[in-house]
Amino acid sequence: MGSAQRKLLAVAAACALAATCGAAASAGSTSTAPPSRASGAGPLDGMRILISNDDGIQAAKPDHSDGLGAYEMRRALCAAGADVVVMAPWQVQSGRGTAVTNHGVLTVQQRERMPAGYENDCAGAPSGAPVLGVCLADGPCGPDTPSATPADTVKLALRGGLAAKAGWSGTPDLVVTGINSGLNVSSSVNDSGTVGAAIAAIDIGVPAVAFSASANADMSAHPVENYRATARFGAQFLAGLKEHRLLNDAFALKVDYPDISAGAQARPPVWTRVGSGAYAYHGYVRKGGGDGFDIALGDCASANPGSAECVEGRPDADSTAALGGAVSVTAVTSDRTYGTAVDAKKQLKKTEQYVKKSAPRS
């Protein structure tokens with residue numbers, strides 16, 4: 001591999017789907033936050049919603065790649081009347097898919113101080129709307145403590161964690177995962193911890209929707225505007241699913257929201273399939289002829305130009321819709337059987353019609 005390609009991959013490594021790019025996003029966004037509202041006063045009145053993600057709960061990085069999207073979604077869902085609990089990885093766990101931890105101790109630790117600007121978003125929520133981080137440790141979670149995976153957090157929450165830490169009996173009405181820092185489309189869907197956490201929920205029998213928001217145009221940061229627009233759309237989208245009685249555990253929905261940070265408005269939702277071409281590309285650069293290889297993550301078209309691997313062959317691909325400025329909505333399940341019969345056909349068709357005709361337009 002030549003030096004130019006090494007440089008390209010190195011630069012792109014932090015700038016893909018759930019990357020940790022170094023450039024600062026627009027922390028001083030002029031977007032207006034949704035009003036805070038006590039639970040039980042909106043279109044999601046009476047719903048109990050678990051939020052998880054694969055970006056963790058720290059929300060400390062200047063590029064907003066480590067969990068800020070979950071706080072925007074928490075704010076929007078509480079404002080819509082839901083009772084919300086966040087139980088998510090302690091640290092960034094991007095790319096972990098449906099991975100689970102098979103031994104050891106998981107500690108669930110509540111965040112005492114919210115990120116600046118998010119302190120009073122869920123005042124009055126019956127559960128108190130705690131934000132709970134899950135680490136892999138037999139004791140307190142510290143700055144360098146290893147994290148639970150996204151699927152770990154959902155399984156733990158639904159199998160006793162919510163009862164112990166939030167006082168919820170039974171299962172929540174819905175699991176929402178995200179908002180992820182970057183699109184989860186095409187082959188990257190298999191790697192996505194955001195989608196993996198949603199799959200964990202439906203496998204246990206709880207409806208789930210996974211949300212992802214695009215990075216900015218050059219993939220150097222994750223603007224607050226994109227998270228906020230995704231959260232606003234998400235609350236309205238979920239309210240519509242509730243109203244039309246479309247929440248079910250036969251399949252999860254994957255929602256990818258386009259980049260609107262430069263002032264564009266998102267195009268109406270499009271019903272899509274997972275793309276067949278690669279969007280993210282994992283490159284491996286040998287270090288000085290030795291045994292080590294640097295891992296470089298970038299977008300496929302830039303990191304591997306001209307490769308057939310990057311070509312999208314489906315006209316209804318999620319990547320085509322989201323990169324084209326539309327909201328992409330895709331039904332996904334954990335069943336990877338090729339050619340398997342589709343279950344819940346009527347529910348799937350009704351959901352498709354909702355997305356095409358009745359879902360929020362921006």
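**View A. Glu352 counts as buried, at 14% relative accessibility, and pairs with Lys349 in a salt bridge.** Buried denotes under 20% relative accessible area, exposed over 50% and partly exposed the range in between, for a 1.4 Å probe and protein chains only. The model is predicted: local features require pLDDT of at least 70, side-chain atom pairs count only at pLDDT 80 or more, and totals for chains, interfaces and linings use all residues. Residues are numbered from 1 along each chain as its sequence is written, and side-chain values use heavy atoms, with hydrogens and water left out. The closest N and O atoms of Glu352 and Lys349 are 3.7 Å apart; a salt bridge requires a side-chain nitrogen of Lys or Arg within 4 Å of a carboxyl oxygen of Asp or Glu. Both residues belong to helix α8 (residues 345–358), with a spacing of 3 residues, about one turn of the helix. Helices (H or I, at least four residues) and strands (E, at least two) are DSSP runs numbered from the N terminus. Lys349 is partly exposed, at 44% relative accessibility.

View B. Helix α2 (residues 68–79) holds both Glu72 and Arg75, 3 residues apart, about one turn of the helix. Glu72 is buried, at 1% relative accessibility, and Arg75 is likewise buried, at 6%. Over the whole structure, the search finds 9 salt bridges.

**View C. A salt bridge joins the side chains of Asp316 and Arg273, at 3.2 Å from N to O.** Asp316 lies in the loop between α6 (300–303) and α7 (318–323), and Arg273 in the loop between β8 and β9 (280–286), so the pair ties together parts that are 43 residues apart in sequence. Asp316 is partly exposed, with a relative accessible area of 29%. Arg273 is also partly exposed, at 41% relative accessibility.

**View D. The largest nonpolar core comprises 57 residues.** Such a core is a set of buried Ala, Val, Leu, Ile, Met, Phe, Trp, Tyr and Cys residues joined through side-chain atoms within 4.5 Å. Leu44, Leu77, Val176, Phe211, Phe237 and Leu238 have the most contacts inside the largest core. Helix α5 (residues 224–243) contributes the largest share of this core, 10 residues. A second, separate core has 28 residues, including Val85, Val154, Trp168 and Val189. With neighbours within four places in sequence set aside, the contacts of Leu77 (heavy atoms within 4.5 Å) are Leu44, Ile49, Ile51, Ala82, Val84, Val176, Ala235 and Leu238.

**View E. Glu225 is found in helix α5.** This residue counts as buried, at 16% relative accessibility. Glu225 and Asp259 are 34 residues apart in sequence, with a C-alpha to C-alpha distance of 8.7 Å.

**View F. The largest pocket holds about 1,200 Å³ of space.** On a 1 Å grid over the protein atoms alone, a pocket is an open set of points with protein on both sides within 12 Å along at least five of seven lines, whereas a cavity is a set where a 1.4 Å probe fits but cannot get out; lining residues have an atom within 4 Å of a point. Grid points are joined across faces, edges and corners, and a volume is the space filled by probe spheres set on the points. Of the 36 residues that line the largest pocket, Val274, Ala331, Val332, Thr333 and Asp335 lie nearest its centre. At least two lining residues come from each of α4 (193–204), β8 (267–272) and β11 (326–332). By class, the lining of the largest pocket has 14 nonpolar, 16 polar and 6 charged residues. Ala, Val, Leu, Ile, Met, Phe, Trp, Tyr, Cys and Pro count as nonpolar, Asp, Glu, Lys and Arg as charged, and the others, Gly among them, as polar.

**View G. The structure contains 2 cavities of 30 Å³ or more.** The largest cavity has a volume of about 60 Å³. Its lining consists of Pro207, Ala208, Val209, Leu241, Leu246, Leu247, Asn248, Phe251, Leu253 and Thr351, of which 8 are nonpolar, 2 polar and none charged.
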